[in-house]
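The sequence and structure come before the details.

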Amino acid sequence: MPAADWNDGDRRVKEHPMHPARKLCLSLAMILAPAFAMAEPIATIKKLSGDVSIIRGADTLPASLGARVHQHDRISTSAQGRIGLLFDDDSRLAAGPGSSLSLSNYSYDRHTRTGAIDVQVDEGTVSVIAGRVAEHNPDALNVSYPAASAVAIRGNTFSVKVDNSKKEGND
């Protein structure tokens, strides 16, 4: 394929055809970019005790103090486990013993101070203190939980307790 010539002001520039391997790499990068974007770190583990696991895709990782958690991670605490997270917008989340939750969605723009947090609590006790993401839009913070849960709300702080001790097959 011949190279095309074009004029850039006072310079003549020769456009070179893209090598097939370069095209393949560029195509793969464009396809995989959304997958990498989903795995962005969104919060830091600031408090930790007992056994806590981070489920990221098909991997189960032990939580460690100072580690970053990512969007779409699941967090599971043991019967003695506890975790405290500090999100990038200064929101705080604490999960007590026997908790299971998902960090479904998180977005935050530092410049506009807008975004959203979606957390799904399946079991256990979770407390949240809203940060900057909810300053101008309280609806930007969404915590989902089963209907038969206990919820306490005070200003921009709330707690939810989900008791699934009577799961199907257990009495």
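Strand E7 (residues 74-77) and strand E10 (residues 100-109) run antiparallel and are joined by three bridges. Strands are DSSP runs of at least two residues, labelled E and numbered from the N terminus, and two strands pair if DSSP finds at least two bridges between them. Serine 76 has serine 100 in E10 as its bridge partner.

The model is predicted: local features need pLDDT of at least 70 and side-chain atom pairs count only at pLDDT 80 or more, while totals for chains, interfaces and linings use all residues. Residues are numbered from 1 along each chain as its sequence is written, and side-chain values use heavy atoms, with hydrogens and water left out.

E10 also pairs with strand E11 (residues 114-129), antiparallel, through nine bridges. In this pairing asparagine 105 stands opposite aspartate 118 in E11. E10 and E11 form a hairpin with four residues between them, and arginine 113 in the turn has a positive phi of about 55°.

Threonine 77 belongs to E7. Threonine 77 counts as buried because its relative accessibility is 6%, where buried means under 20% relative accessible area, exposed over 50% and partly exposed in between (1.4 Å probe, protein chains only).

Residues up to four places away in sequence aside, threonine 77 is in contact (heavy atoms within 4.5 Å) with residues including Asp51, Arg82 and Ser99.

The largest nonpolar core has 31 residues, and Leu85 and Leu103 have the most contacts inside it. Such a core is a set of buried Ala, Val, Leu, Ile, Met, Phe, Trp, Tyr and Cys residues joined through side-chain atoms within 4.5 Å. E11 gives the largest share of this core, five residues. Beyond its neighbours within four places in sequence, leucine 85 touches residues including Ala43, Ile75, Leu93 and Leu103.

Leu85 also lines the second largest pocket, together with residues including Lys46, Arg92 and Thr157. E3, E8, E9 and E11 each supply at least two residues of that lining.

Definitions and conventions. 1 Å grid on protein atoms, 1.4 Å probe; cavity = no way out; pocket = protein on both sides within 12 Å on 5 of 7 lines; lining within 4 Å.
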